[in-house]
Amino acid sequence: MSRIIFIVVFCTVLAVQAEFPDDPKPCKYGDSGCIVKMINYLIREKAMQGDHEFNLVKLDPLPVAKMNIKQGAESPVNIDLTFKDNQLLGISKMKFRKIKGFGKDIAGGHEILFNAGKLSLVGPYNIKGKVLILPISGTGKSNMTLVNCDIALSFTGKPFEKNGETHMEIANLRLTTKPERLYYHFSNLYNGDKALGDNMNAFLNDNWEAIFLEVRQSMELAFAEIFRTIITSVFSKNPYAKFFEE
């Protein structure tokens, strides 16, 4: 009987140890080149279906329950734009280019630089307000697409204990974007008035850069929360040291 118990316990320990994958193999602390390759591998191979061992959810398409872009009356783009039950498409095609941090000291600063060739937020929207003095209102389906967008994501790591091991919590996360182009399309503007809607969509796309500069901060804050959720999910399951080798 004791032999059976030993075998069961031994197999359980092996299962727990095997839960964290060794493909790709862990990188050394702070090894920027290796970490970039590992993230690109995970995005390329796992984004479409997710990965239980890394606690990585399916990323492409990524469900976005709610996202709000709101500008006050002091801005030329004075809008309240809400996206609900949308999907974010394009994460699986992102290219990660440079990593800073991720050393042995969790509490240091960390930075991830990457490019999204095409990143689209698609689904239901509601908008009201003014865009460069023109009134805008509508409820329907939308597509907001960033093209060739350089993204910089930085945060501070905070160590915390869980089950006797040290994990990393994300703090002070900041995201900045620099798109080459941004396209908007909102269906059913002005209660379905096609002429007014077509004119407004053309106006938004003709003036995309000026509009983006006005809503940039609100947009970046909204996207930052999406990436915070992804990173937190990965680092909350496994201890920080599991991701690296000495």
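The bend at a residue is the angle between axes fitted to the seven residues ending there and the seven starting there. By that definition, α4 has a kink of about 60°, centred on V215. This is a predicted model: local features need pLDDT of at least 70, side-chain atom pairs count only at pLDDT 80 or more, and totals for chains, interfaces and linings use all residues. Residues are numbered from 1 along each chain as its sequence is written, and side-chain values use heavy atoms, without hydrogens and water.

**Helix α3**
- Helices (H or I, at least four residues) and strands (E, at least two) are DSSP runs, numbered from the N terminus.
- Helix α3 covers residues 194-206 and reaches 18 Å between its first and last C-alpha, close to the 18 Å expected (1.5 Å times one less than its number of residues).
- G197, M200, N201, L204 and N205 of α3 are buried (under 20% relative accessible area, with exposed over 50% and partly exposed in between; 1.4 Å probe, protein chains only).
- These buried residues fall within an arc of 130° seen down the axis of α3, so they line one face of the helix (the arc is that of the directions from the helix axis to the C-beta atoms).
- A195, N199 and D206 are exposed on the face turned away from the buried side.
- D193 caps the N-terminal end of α3, with a side-chain oxygen 3.3 Å from the backbone nitrogen of A195.

**Backbone features**
- D60 and P61 are joined by a cis peptide bond, with omega about 0°.
- P61 sits in the loop between α2 and β2.
- Y190, not a glycine, has a positive phi near 50°.
- Y190 is buried, at 19% relative accessible area.

Notes. A polar contact is a pair of N or O atoms within 3.5 Å; within protein, one must be able to donate a hydrogen and the other to accept it, and residues adjacent in sequence count only if both atoms are side-chain atoms.
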